[in-house]
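Here are my notes on this one, in numbered points.

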Amino acid sequence: MAQPSSLTNISRQRSSNPLIQAWLALLGLSVGSALLTLIGAPSAIIAGGILLLALIKARLILKHYLDLENSQSWLRGFTMVLTGFSVVVFALYLV
């Protein structure tokens with residue numbers, strides 16, 4: 001019976017690493033933010049979308065890179081503060 005190659009095992013290990021998955025998600029969200037600027041929507045919608053994507057990116061960083069995944073109360077607290085801050089920034093943008 002044929003054994004799988006070590007290269008297959010290494011690529012499987014790399015793709016299952018949560019930090020690499022988080023990095024790829026951050027990369028995708030950054031590309032999404034850049035693409036939002038190219039659409040012909042009103043500026044308030046673009047600004048709201050970029051702020052929403054930034055909030056998602058902040059949560060990913062807090063969860064995976066600062067290891068708050070195991071401390072749900074801290075993660076929830078930081079998320080609430082960042083959400084409140086984003087709402088204030090968006091409200092100030094609209095004024």
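1. Where is the place of Gly48? Gly48 sits in helix H3. Helices here are DSSP runs of H or I with at least four residues, strands are E runs of at least two, and numbering starts from the N terminus. Gly48 is partly exposed at 23% relative accessible area; the cut-offs are under 20% for buried, over 50% for exposed and partly exposed in between, with a 1.4 Å probe and protein chains only. C-alpha to C-alpha, Gly48 lies 9.1 Å from Ser86, and the two are 38 residues apart in sequence.

2. A word on the ground rules. This is a predicted model, where local features need pLDDT of at least 70 and side-chain atom pairs count only at pLDDT 80 or more, while totals for chains, interfaces and linings use all residues. Residues are numbered from 1 along each chain as its sequence is written, and side-chain values use heavy atoms, with hydrogens and water left out.

3. Overall layout: the chain has four helices and zero strands, giving the pattern α-α-α-α along the sequence. The chain has 95 residues, of which 18% count as buried. Taking contacts (heavy atoms within 4.5 Å) between residues at least 6 apart in sequence, 57% join residues at least 24 apart.

4. On to the core. The largest nonpolar core is made of five residues, namely Leu26, Leu29, Leu36, Leu53 and Leu60. "Nonpolar core" here is a set of buried Ala, Val, Leu, Ile, Met, Phe, Trp, Tyr and Cys residues joined through side-chain atoms within 4.5 Å. Helices H2 (18–36) and H3 (43–65) each put in at least two residues of this core, and the largest share, three residues, comes from H2. Leaving aside residues up to four places away in sequence, Leu60 touches Ala25, Leu26, Leu29 and Tyr65.

5. How do H2 and H3 run relative to each other? Their axes come within 10 Å and cross at roughly 170°, so the two helices are roughly antiparallel. For the record, axes are lines fitted to C-alpha atoms, for helices over the stretch in contact, with angles from 0 to 180 degrees between N-to-C directions. Angles under 35 degrees count as roughly parallel, over 145 as roughly antiparallel, 65 to 115 as roughly perpendicular and the rest as oblique.

6. Who meets whom there? The H2 side includes Trp23, Ser30 and Gly32, and the H3 side includes Ile50, Lys57 and His64. By class, the contact of H2 with H3 has 15 nonpolar, five polar and one charged residues. In this scheme Ala, Val, Leu, Ile, Met, Phe, Trp, Tyr, Cys and Pro are nonpolar, Asp, Glu, Lys and Arg are charged, and the others, Gly among them, are polar.

7. Now the rings. The structure holds two aromatic pairs. The Trp74 and Phe78 rings have centres 6.1 Å apart and planes at 35°, so that pair is tilted. Rings of Phe, Tyr and Trp (its six-membered ring) pair if their centres lie within 6.5 Å, with planes under 30 degrees apart called stacked, over 60 edge-to-face and the rest tilted. Trp74 and Phe78 are four residues apart in helix H4 (residues 72–94), so about one helical turn separates them. Trp74 is exposed at 54%, whereas Phe78 is partly exposed at 38%.

8. The other pair is Phe90 and Tyr93, stacked at 6.5 Å centre to centre with 20° between the planes. Phe90 and Tyr93 are three residues apart in H4, so again about one helical turn separates them. Phe90 is partly exposed at 26%, and Tyr93 is partly exposed at 42%.
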